[in-house]
Amino acid sequence: MRIAIMGSGSLGTIIGALITAEGQKVDLIDINKEHVSALNHSGAKITGFMDLCVPVKAMLPHEITGQYDLVFLLTKQVYNQASLEQLLPHLHSTSIVCTLQNGIPEDFVASYIGHERTIGGVVGFGATWLGPGVSELATETRILKKYAFDIGELDGSITPRLKEVKRILDLVGNCDISSNIMGIKWAKLLMNATFSGMSAALGCCFGEVLSSESAMVSLACIADETIKVAHAYGIRLEKIQGKDMEILELQDENDISSKMDFYQEVWGPHSNTKASMLQDLEKKRKTEIDFINGFICRKGSEAGIKTPYNDLVVKLVKEAEKKGSSPRFTDNIKYFNPDLSTMSKISFRK
């Protein structure tokens, strides 16, 4: 089986290194020339909760030759069209492209390469790109061993090819097969919209969000909005990492405090994680905010559901993009001072 990772940044570097370390050949494809050079000359170095350096094969998109049987798509969604156009000539009729991106890109991906070649996937761990050839594993290895990936067919069927993709991803960490991958994708979207969104909007790691009462109240409202929008489209969030995100829906403002222990339990092990959107802001790059919180705002608007807290995150991240600088926690936390009397009229309604 010929395998590639399209988009070998923070997560792709770790996934490619661990697959390679288990004896399976995989090409790491990325647009960053310095990163590709470092990977080829010095190997893929993993720091943080893992200390490992693995010799890997990396290349730029124009260096791709032949066709792949399996491609893990890990590019930022802002680059999806360009990446898929580069990839398409290197797919055959039974190639598999497994989306492991943030957000819900499956419809767009399938429109380019065909539904028959697309399967959905979710990554359950965090990483930070530290520099050419180096990624930090920001999630404890015990999580990696239990909840590294979920994959599934877009129509919910359980097919033999899912078992083959699972076999490869199990080389990295445990991979589960789901009959409701969209429910898992929305659960992961909630995880990204809350902590990744707040990390980017406030310029901090997840742990700093967890330590701020006003940030956590607003975050609880972001989660509530996400669940209500999903329900408007008939989607029930699946358990992710063994946790039921549906319980984060709020009945009223008094319900917020009862959710805090859950947030600490689930996100505490990821406290060192810095959102990839914040990493993009630090590099003065365009973020995926339109595909994370912005996606919820857009789908909410279509369904007639107001999303003021997601709207605020989008506004602050886009302002940082325009300024070309990262937000400062002390500057932006003042915006997250919820008016619960107003919020109860717009965010909690059934």
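Before I start, one definition: when I give an angle, axes are lines fitted to C-alpha atoms, for helices over the stretch in contact, and the angle runs from 0 to 180 degrees between N-to-C directions. Thanks for having me, everyone; please keep in mind that this is a predicted model.

With that in hand, look at helix α7, residues 181–202. Helix α7 lies across β7 (91–99), β8 (118–123) and β11, and runs at about 35° to β8. Another helix to find is α2, residues 33–42, which lies across β2 (27–29) and β5 at about 160° to β5.

Now the sheet itself. Eight strands make up an open sheet with mixed pairing, and the order is β5-β2-β1-β6-β7-β8-β11-β12. At the edges sit β5 (57–59) and β12 (175–177), each pairing on one side only. From one strand to the next, the twist averages 25°. As a reminder, strands of a sheet pair through backbone hydrogen bonds, either parallel or antiparallel. Strand β11, residues 149–153, pairs with β12 in the parallel sense, over three bridges.

Let's finish with helix α4, residues 106–113. Which residues of α4 are buried? They are Glu106, Val109, Ala110 and Ile113. These four cover an arc of only 95° around the axis, so they sit on the same side of α4. Their cover includes β6 (68–73), α3 (80–87), β7, β8 and α7, the helix we began with. On the face turned away from that buried side, you'll find Asp107 and Ser111, which are exposed. After α4 comes Gly114, with a positive phi near 100°.

Happy to take questions!

Conventions
Residues are numbered from 1 along each chain as its sequence is written. This is a predicted model: local features need pLDDT of at least 70, side-chain atom pairs count only at pLDDT 80 or more; totals for chains, interfaces and linings use all residues. Side-chain values use heavy atoms; hydrogens and water are left out. Two strands pair if DSSP finds at least two bridges between them. Helices (H or I, at least four residues) and strands (E, at least two) are DSSP runs, numbered from the N terminus. Contact means heavy atoms within 4.5 Å. Buried means under 20% relative accessible area, exposed over 50%, partly exposed in between (1.4 Å probe, protein chains only). The arc is that of the directions from the helix axis to the C-beta atoms.
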